[in-house]
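Please read the points below with the structure open beside you, and take them in order.

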Protein chains: 2
Amino acid sequence: MSQHRHPGAPGRAGAVPALPDLPEATVARLPEYLRALHNLAETGHETVSSEGLASAAGVNSAKLRKDLSHLGSYGTRGVGYDVALLVDQIEYVLGLTQRRAVALVGVGNLGHALAGYDGFASRGFRIAALFDADPARVGEEINGLVVRHIDELPRVAVEEAIAIGVIATPAPAAQAVADQLVAVGVTSILNFAPCVLSVPEGVDVRKVDLAIELQILSFHEHRKASLTALPATGGSALTALPGGLAVTDPQEAIGT
Amino acid sequence: MSQHRHPGAPGRAGAVPALPDLPEATVARLPEYLRALHNLAETGHETVSSEGLASAAGVNSAKLRKDLSHLGSYGTRGVGYDVALLVDQIEYVLGLTQRRAVALVGVGNLGHALAGYDGFASRGFRIAALFDADPARVGEEINGLVVRHIDELPRVAVEEAIAIGVIATPAPAAQAVADQLVAVGVTSILNFAPCVLSVPEGVDVRKVDLAIELQILSFHEHRKASLTALPATGGSALTALPGGLAVTDPQEAIGT
DNA sequence: CGCGATTTGTGCACGCCTTCACAAGCGCCT
DNA sequence: AGGCGCTTGTGAAGGCGTGCACAAATCGCG
């Protein structure tokens with residue numbers, strides 16, 4: 001790496017930067033770094049060390065440095081990173097320099113909350129339209145936006161330049177909605193419905209299932225409970241099984 | 001390989017079977033398998049092949065088989081998996097055989113939605129109490145539950161045997177709430193606030209940040225846009241965009 | 001009763017991600 | 001100007017997860 005320059009960063013003019021293709025794991029952490037950086041900026045920090053930023057973002061400092069190095073590294077050895085510069089850099093890479101328009105489909109329980117969630121606006125997104133299939137809900141105004149019928153999607157999608165679709169419908173309706181979104185050119189979908197969506201190649205789908213998170217926690221609770229119930233030294237019988245026999249059931253009789 | 005038995009599966013009496021320590025990635029997929037299995041059961045399937053279940057869950061069949069093999073393998077070669085048996089097995093491993101009580105803290109926009117989300121109840125969780133720090137919200141009834149003041153947490157946590165805490169407060173309040181939850185013995189926390197929580201060892205925290213998901217999608221949108229713009233070999237940057245969506249890129253089309 | 005079709009369970013290799021450890025670089029102080 | 005301490009950036013190693021490919025096992029049928 002010789003002296004590099006911002007690859008098309010905000011200040012720079014000219015050449016399309018050909019975003020470095022970051023590891024997916026890195027991409028998933030960048031927003032967290034960004035949030036931490038905004039906090040630091042608000043509290044008056046102008047520079048921050050990898051150690052400081054890492055702890056603010058809840059990760060390991062080596063990981064953070066490697067992540068940042070992937071996008072061209074703007075640190076100064078012996079000093080740290082310039083907070084403002086890094087914010088610009090990450091926002092650029094994440095494509096947040098343009099405020100993307102989001103269409104939210106499904107204005108039920110969750111949809112209502114999402115429509116009113118100001119975390120979207122503050123992170124560079126604009127909820128541009130609300131849709132629902134239920135005529136009873138069409139016309140309702142939420143947070144200054146009127147709920148439209150899903151059939152209006154094609155027209156509105158063009159008018160508002162919708163870039164991202166959010167599905168907050170019941171599971172049975174989700175696939176049809178996804179198809180409609182794809183049909184109007186949406187290539188990024190955030191799915192809150194508990195089901196798998198099938199979409200053509202080139203369309204990105206991310207899924208958030210609130211119940212799944214709880215179930216994962218439940219597993220760990222269960223595991224912790226079974227660990228505390230088991231005497232530590234007892235039988236090595238059940239743990240040290242290499243590959244052959246599958247599990248067993250010696251330990252019985254521990255009332256809960 | 002030899003004749004195995006359900007390691008404490010539903011049929012058995014209150015044994016604590018020493019859960020096999022599953023890979024974290026596997027644990028994260030089990031709930032998805034479970035959901036798919038429930039769907040299959042409702043549509044009358046009694047058995048399912050790894051291929052069928054895999055596609056219903058949106059994963060690769062080899063991965064699915066390996067995942068299931070980790071928890072002791074209940075398939076029949078040449079036939080497939082018994083749906084009902086597998087449901088029991090996964091529910092047992094995930095600790096869903098007991099209905100865990102959830103405390104929800106923060107009854108704002110998102111909290112309201114979560115309190116009314118029936119996906120929790122249907123997956124084996126019971127929202128047992130709602131809390132908020134704002135006196136104006138205390139006393140409100142949501143979905144049959146009365147919002148209590150956060151100071152009542154210690155008493156209620158015991159009464160209701162709270163197992164999991166869900167934080168849906170603004171970010172600045174989240175750490176204090178987490179501390180209070182930990183103080184009353186909660187060891188699993190689902191955090192919706194956009195901030196890092198520090199908790200003592202032994203406490204599990206999972207974070208869900210809706211805005212982060214959007215930012216990840218935004219990155220891919222940005223990347224896709226820069227890709228379609230690049231091969232254009234000079235000239236007009238945005239020639240053939242499908243769907244007529246004007247995905248202009250003010251940032252990366254700047255001439256000198 | 002044996003054979004073929006089918007499907008599971010898994011050994012193995014590969015690639016990604018994480019973590020360590022350290023050289024290179026930068027600023028500051030003397 | 002030179003040296004010293006601090007911090008970044010990165011090579012290398014290790015671990016984890018994924019996917020392939022196949023042997024083992026089971027069922028149904030002739």
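**Notes on the model**

1. The residues of the surface near DNA strand C divide into eleven nonpolar, eleven polar and eight charged, where near means that a C-beta atom, placed from the backbone, lies within 6 Å of the strand. Ala, Val, Leu, Ile, Met, Phe, Trp, Tyr, Cys and Pro count as nonpolar, Asp, Glu, Lys and Arg as charged, and the others, Gly among them, as polar.

2. This is a predicted model, in which local features need pLDDT of at least 70 and side-chain atom pairs count only at pLDDT 80 or more, while totals for chains, interfaces and linings use all residues. Residues are numbered from 1 along each chain as its sequence is written, and chains are lettered from A and ligands numbered from 1 in the order in which they are written.

3. Around DNA strand C there are 30 residues, and the closest are A:Pro23, A:Gly78, B:Ser73, B:Gly75 and B:Gly78. Helix 3 of chain B gives the largest share of this surface, five residues; helices (H or I, at least four residues) and strands (E, at least two) are DSSP runs, numbered from the N terminus.

4. B:Tyr117 lies in the loop between helix 5 (109-116) and helix 6 (118-122) of chain B. B:Tyr117 counts as buried because it has 21 C-beta neighbours inside 10 Å, and the cut-offs are 20 or more other C-beta atoms within 10 Å for buried, 12 or fewer for exposed, and in between for partly exposed, with C-beta atoms placed from the backbone.

5. Helix 5 (residues 109-116) of chain A has six of its eight residues buried, so it is largely enclosed by the rest of the structure.
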